[in-house]
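Please find below a colleague's note on the structure under review. It is set out as numbered points.

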Amino acid sequence: MRVLVIGGGIIGVTTAYSLRQRGLEVTVLERNAGVAQEASFANAGVIAPSYAAPWAQPGMPKKVLAQLFRRDAAVVFRPTRDRALWRWLRQWYRECELERFARNKARMQRLASYSRAQLHEVAARHAIDYEQARGYLQLFRNADELERNAPARKVLQDLGVSFRQLTETECRQIEPTLTEATPLAGGVYMPDDESGNCAYFARRLKEICEGDGVEFRFGARVTGLTTGRGRIESVQTADGPLPADAYVLAAGCDSAQLLTGTGIDVPLYPVQGYSATAQITRHEHAPLLSIMDETYKVAVTRLGNRLRVAGIAEIGKRAPTLRTASLRTLLRVAQDWFPAAASWSSAQYWVGARPMLPDGPPLLGATPLSNLYLNIGHGSTGWAMACGSGQVLADVVTGRAPAIGLDGLTLARYH
């Protein structure tokens, strides 16, 4: 069986790897000059099943409104006449209810936990060092935010996930490089979570795939899908149609547009995110743990000799362009916690579009078209879910039962 994987981000590469492991002939189509060039390139690097949660959660609408006119807002909303935006927002608002949040978080954690185990297995099998660091610490600057986090902690407790709620003193004991100057009400520590270099892992896995016979076609821009008789007959590219036996759509934010005309409608929308990466100059002041500042929803992760600061959710703007105010917010958070750790003035900046669904979990598996499969909508948790999603897709394509239940992770929840 010949399979075309559309998209060469971390999701597409892990999917190609898993399909090839099952003996299928695989070709990856990627419009850029290499793998992991867009949303996978300079993300936060967080692999945190315990933290995996939908953006739609109790209290989030109020927080968005409260920050609407702040230049340092964690969520930036740019109203437009785009009908897809307002449709997405209506669905997102409904999913902020406590019961729906708990259900969606559980679904995401199921996949992310499985994916972390698969990541470790693949990394061990091929001796891939992806600059991983163990432990994840949420920081709350005030008591109100710590209280708003209570529903998420309840879900963790119900699922039996390992975590510890910490006082201010305990936070500073577990990560002693946190500066004393920044107010801190407490934190939540997840010892089993980690971070790592997503783009580097994708490049190494691409090399392994090529050595095993997977073909990567770069500069291959897919413009559409040709359907007929209840299936995909070919993909349209600038060089003409490409036929295959099966197709996996893993094209990030472009996936919704590519599904136009297939009868499959998904509320996928791009949410911009930013990052700044700086060289560590004083290791004694640099963290060993990854931290998340819950006030600004900004993560600080260590990648070898560099620190990456990533976050901000900007919705309503489709073209990814750097926003000065958002970059300042990233640097403010970095300097609030680790002012002497890195050369922040010479940081390298990045902006990318996260492919987000309004309820949070991705869409995996089969579609009404007999030979088309989806691996889309991972939002800001694509790196955390990539290896598991690839395994699930390969199982579904080859007719095997996936190792985890797919309830709430398939197209059925929208149709």
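This is a predicted model: local features need pLDDT of at least 70, side-chain atom pairs count only at pLDDT 80 or more; totals for chains, interfaces and linings use all residues.

1. Surface patch. Three residues, Leu 65, Leu 68 and Phe 69, make up a nonpolar patch on the surface. Together they present about 380 Å² of accessible area.

2. Disulfides. The structure contains 0 disulfides. For Cys 387, the closest cysteine sulfur belongs to Cys 198 and lies 9.4 Å away. A disulfide requires the two sulfur atoms to be within 2.5 Å, and this separation is therefore too far for a bond.

3. Burial of cysteines. Cys 387 has a relative accessibility of 7% and is counted as buried. Cys 171, at 0% relative accessibility, is likewise buried. Both assignments follow because buried means under 20% relative accessible area.

4. Cavities. How many cavities of 30 Å³ or more does a search of the whole structure find? The search returns 3. The largest cavity has a volume of about 40 Å³.

5. Lining of the largest cavity. The residues that line the largest cavity are Gln 57, Pro 58, Phe 101, Arg 148, Asn 149, Pro 151 and Ala 152.

How values were computed
Residues are numbered from 1 along each chain as its sequence is written. Side-chain values use heavy atoms; hydrogens and water are left out. Patches are made of residues with over 30% relative accessible area and no salt bridge: like charges are joined within 9 Å, nonpolar side chains (Val, Leu, Ile, Met, Phe, Trp, Tyr) within 5 Å. Accessible areas come from the Shrake-Rupley method with a 1.4 Å probe; for residues, only the protein chains shown count as cover. A salt bridge is a side-chain nitrogen of Lys or Arg within 4 Å of a carboxyl oxygen of Asp or Glu. Buried means under 20% relative accessible area, exposed over 50%, partly exposed in between (1.4 Å probe, protein chains only). On a 1 Å grid over the protein atoms alone, a cavity is a set of points where a 1.4 Å probe fits but cannot get out, and a pocket is an open set with protein on both sides within 12 Å along at least five of seven lines; lining residues have an atom within 4 Å of a point. Grid points are joined across faces, edges and corners, and a volume is the space filled by probe spheres set on the points.
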